[in-house]
Amino acid sequence: MTTKLAFSLPLRSFSRCPQCRTDSIRPIRNVSMPRPFSTASSRQAIAAPAIDFSSTDRLPPPNVQNARVVPASPSYFSGRPDFTDNLLSLQALLGKYQTLPTVAPGQAPRVAWRTVSQYRLLVGEPVRASKYHQVIEVLKRLNQIHPAVMPADLHAAMQIYKRDVNPYAVVKRPAIIDTDGRACGIGRRKSSSAKVYLVQGEGEVLVNGKSINDVFGRIHDRESALWPLKATNRVDKYNVWALVSGGGTTGQAEALTLGTAKALMVHEPDLKPALRRAGCVTRDPRRVERKKPGKLKARKMPAWVKR
């Protein structure tokens, strides 16, 4: 006899009768209940016995064939491991002793640091000049620490980068005024060079034996050549006689700027701060960047054509 149930019975299965097309209940035999999972029993049956690392006698002997060489420095894969380690060690020393009292940059002990070529020979790595400049900047900051409180480990670390010369033995040759009252100054810009003779006078200017208007057609170049005299109001107090060579008109004019400023500082050394504020004392190291193969100029690429 078949009955219809609205609820499920445990351990029973429903089957449809082919004749009456009704659900019938039929008991299920040999039903096994899930056993609780035991970690301890499975570990004893599967896992290997635990290894006692307290005693080295029970450890297996090392396999030399499968041994891997571990680099001595974490910077081994950087391409310049010695330079990277040196820079990181100096930065760590700077972070450790940055709170120590310092002196003014002009009062710090004079030190002759290694050049980039000497440092390359020391580490045996192709270090760029811009990268080595980072090392020099950190060394200059460490050198400003007061000598009375300089730690021993810091002094030993900085000694590696010093040249074995006496920095106080190098004395700049003083510029003099000759018997004719002339002061000489040499200036360079790009591939141009200028030798300027400055003497007290009424403001006459000769460049390669010609007037400045004949040599420099642009007003900007004429003003650049005489900018040190204009910045200090000395245009009508000195005569300028200059020899220029190499480069173009702009390079020659800016070379005259540096040469005139140097000659003017020989006559009046007190004008150096004013000339420095005017931008006439520092040599401009910028040059034209070379052309690269595959490019139209230094960086300009040819127009992309699809076909």
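1. Leaving aside neighbours within four places in sequence, which residues is leucine 275 in contact with? In this predicted model, they are Pro228, Thr232, Ala261, Leu264, Met265, Cys280 and Val281.

2. Leucine 275 also matters to the account of the largest nonpolar core. This core has 27 residues, and Leu256, Leu264 and Leu275 touch the most other members. At least two residues of the core come from each of β4 (192–200), β5 (205–207), β7 (238–245) and α9. Helix α9 supplies the largest share, eight residues.

3. Threonine 257 is in helix α9, which spans residues 249–267. Is threonine 257 buried or exposed? Its relative accessibility is 11%, so threonine 257 counts as buried, the cut-off being under 20%. With neighbours within four places in sequence left aside, threonine 257 is in contact with Ser224, Ala225, Pro228 and Cys280.

4. Helix α2 (residues 81–97) and helix α5 (residues 152–159) have axes that come within 11 Å and cross at roughly 150°. The two helices are therefore roughly antiparallel, since angles over 145 degrees count as such. The crossing of α2 past α5 is left-handed.

5. On the α2 side, this contact is made by Leu93, Lys96 and Tyr97; on the α5 side, by Asp153, Leu154 and Ala157. Four of the contact residues are nonpolar, two are charged and none is polar.

Terms used
Residues numbered from 1 in each chain as written. Predicted model: local features only at pLDDT ≥ 70, side-chain atom pairs only at ≥ 80, totals over all residues. Heavy atoms only, no water. Helix = DSSP H or I, 4+ residues; strand = E, 2+ residues; numbered from the N terminus. Buried < 20%, exposed > 50% of the residue type's maximum accessible area, 1.4 Å probe, protein only. Contact = heavy atoms within 4.5 Å. Core = buried A, V, L, I, M, F, W, Y, C linked by side-chain atoms within 4.5 Å. Axes fitted to C-alpha atoms, helices over the stretch in contact; angles between N-to-C directions. Parallel < 35°, antiparallel > 145°, perpendicular 65-115°, else oblique. Left-handed = near helix turned anticlockwise from the far one by under 90°. Nonpolar A, V, L, I, M, F, W, Y, C, P; charged D, E, K, R; others polar.
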